[in-house]
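User: I've got the model open and want to talk through some local details. Mind if we go spot by spot?

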Amino acid sequence: MEKEKISNGELGTLGINDLDLLIAFSRVANGLLQHEVMDKATIMSNLEAVIQNPTPYALNKNGKFKNIADKIIELRKEGKFIKQARSVQQLKEEIMNFPVFGSELIEVGALAQMKTAIQLPISVAGALMPDAHQGYGLPIGGVLATNADTIIPYAVGVDIACRMCLSIFDLPAAMVDTENNKLKTLLLAHTHFGMGSKTKTHFDTTLFDRPEWDAFKTIKVLKDKAYAQLGTSGTGNHFVEWGELTISENALEGIPAGNYLALLSHSGSRGFGGTIANTYSGIAMQKTQLPKEAKQLAWLDMNTEEGQEYWLAMNLAGDYASANHHEIHNKIARALNINPVMRIENHHNFAWKEKLADGTDVMVHRKGATPAGKGVLGIIPGSMSTPGFVVRGKGEKTSINSASHGAGRLMSRSAALKVINKAEAAQNLLDKNITLIGSGLDEAPMVYKDIHTVIAAQTDLVEVLASFQPRIVRMADPKEKAED
């Protein structure tokens with residue numbers, strides 16, 4: 001297979017207009033890439049920095065970029081290769097209207113981020129969900145439709161294809177009490193949490209037979225890591241939990257109304273997705289220069305090599321995230337000796353090629369937002385002690401067929417660790433009869449918005465079909481640094 005290269009065209013985007021310098025840049029860049037000293041994004045970032053200010057690189061006698069730094073300094077003394085300002089994409093002066101669902105629930109920072117996103121020259125439409133809060137680039141809970149041939153890595157999110165998965169068992173919900181120890185043991189035996197968590201045994205690894213894993217180097221070098229982490233969960237708000245699912249009459253086809261034992265999980269594409277996100281976000285910010293306040297909303301052109309690479313990698317991360325959940329659910333179902341009667345799942349950090357109501361082709365980014373097209377099933381969780389909901393989308397066009405992805409945070413993790421009372425959090429779990437394994441105060445129930453208020457703010461977007469009350473919850477140990 002042909003090795004990955006940094007083309008002269010890519011180097012040309014840095015403003016190099018001297019042939020000898022272009023040759024020097026290419027030799028250094030591709031040497032570092034082929035010998036795996038640095039990845040593509042890191043190399044390009046350093047090359048851009050050398051052009052902006054070569055002096056620090058020239059002073060580093062053993063540095064990888066010293067020779068080209070010396071060359072730039074020499075050329076500039078001769079009046080050549082004078083640093084020129086890179087072309088910066090200007091934001092639209094006029095802020096398009098976009099719907100805000102549950103506006104009274106949304107912090108100022110999230111609203112400001114959405115206003116910046118809607119001003120991008122590629123933005124076509126947007127919407128803000130009631131669980132929205134400030135994130136990187138696009139706010140979490142933000143939905144952004146852009147030109148169909150563009151994609152914004154940071155509007156997808158760092159945890160690509162973070163998703164929900166619910167298995168419904170034809171077993172009484174009362175098992176969370178009568179078989180508490182057994183169900184707790186199953187969670188401990190078949191779930192693995194933490195940034196470096198791995199598994200040694202797998203249920204189904206056929207995903208790794210797909211040719212996409214060998215499509216290009218950025219993916220290929222992550223294959224072994226992805227394989228080792230199949231069937232694991234991350235840190236932060238990722239969880240696997242047993243609970244009581246209450247289903248309404250005629251809500252879910254083939255399942256009578258009643259109370260059922262159910263297993264719910266929340267996690268994404270692990271280290272594989274995170275590396276893809278960071279790599280291509282870096283490339284996007286090199287390719288698309290934006291004002292400081294919009295820098296993280298840099299996009300990739302889908303007609304370029306890097307745009308196609310990210311699209312392939314993002315979709316593979318989506319299938320990998322789904323396989324992660326299936327590993328957990330299938331292992332537990334096998335140990336329980338019963339298959340679920342239904343499984344419901346959905347992404348909420350992803351981008352889809354869709355059409356708006358007027359037929360316009362767009363790229364829809366849902367960062368912390370649930371797809372809610374007409375008839376589409378989804379899951380909106382609450383907190384570890386409050387209910388989540390199985391919902392059916394109503395296909396509301398103004399929300400770009402979207403709904404919230406959860407309750408949404410009221411405060412940051414650092415703030416939670418300062419203000420949440422440990423005894424109060426423990427009493428809350430005791431009052432709700434919740435068994436908790438792992439987690440810390442930064443995930444205590446009171447750091448989240450009231451899920452009932454959030455659901456009430458989106459009755460035009462989704463119909464509630466069932467409620468899920470968590471009872472036995474497993475999350476990462478509090479010593480694990482949150483990555484979501």
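Analyst: Let's start with valine 158, which counts as partly exposed at 29% relative accessibility. On this scale, buried is under 20% relative accessible area, exposed is over 50%, and partly exposed is in between (1.4 Å probe, protein chains only).

User: Before we go on, what are the ground rules?

Analyst: This is a predicted model, so local features need pLDDT of at least 70 and side-chain atom pairs pLDDT 80 or more, while totals for chains, interfaces and linings use all residues. Residues are numbered from 1 along each chain as its sequence is written, and side-chain values use heavy atoms, with hydrogens and water left out.

User: OK. Where is valine 158 found?

Analyst: In the loop between helix 7 (153-156) and strand 4 (163-172). Helices (H or I, at least four residues) and strands (E, at least two) are DSSP runs, numbered from the N terminus.

User: And what does valine 158 touch?

Analyst: Gly273, Gly274, Ala277 and Asn278, not counting residues up to four places away in sequence. Contact here means heavy atoms within 4.5 Å.

User: Now isoleucine 219. Buried or exposed?

Analyst: Isoleucine 219 counts as buried, because its relative accessibility is 0%. This residue is in helix 10 (residues 217-220). Leaving aside neighbours within four places in sequence, isoleucine 219 contacts Glu212, Trp213, Phe272, Ile276, Leu312, Ala313 and Leu316. Threonine 275 is 56 residues away in sequence, yet the C-alpha to C-alpha distance is 9.3 Å.

User: Switching to helix packing. At what angle do helix 2 and helix 3 pack?

Analyst: About 150°, with the axes of helix 2 (residues 19-34) and helix 3 (residues 40-52) 10 Å apart. That makes helix 2 roughly antiparallel to helix 3. Axes are lines fitted to C-alpha atoms, for helices over the stretch in contact, and angles run from 0 to 180 degrees between N-to-C directions. Under 35 degrees is roughly parallel, over 145 roughly antiparallel, 65 to 115 roughly perpendicular, and the rest oblique.

User: Which residues meet there?

Analyst: Phe25, Ala29, Leu32 and Leu33 in helix 2 meet Lys40, Ile43, Leu47 and Ile51 in helix 3. By class, that contact has seven nonpolar residues, no polar ones and one charged. Nonpolar covers Ala, Val, Leu, Ile, Met, Phe, Trp, Tyr, Cys and Pro; charged covers Asp, Glu, Lys and Arg; the others, Gly among them, are polar.

User: How about helix 9 and helix 13: what's the angle?

Analyst: Helix 9 (residues 180-190) and helix 13 (residues 305-336) pack at about 135°, axes 10 Å apart. They are therefore oblique to each other. From helix 9, Lys182, Leu183, Leu186, Leu187 and His190 meet Ile328, Lys331, Ile332, Ala335 and Leu336 of helix 13. That contact splits into seven nonpolar, one polar and two charged residues.
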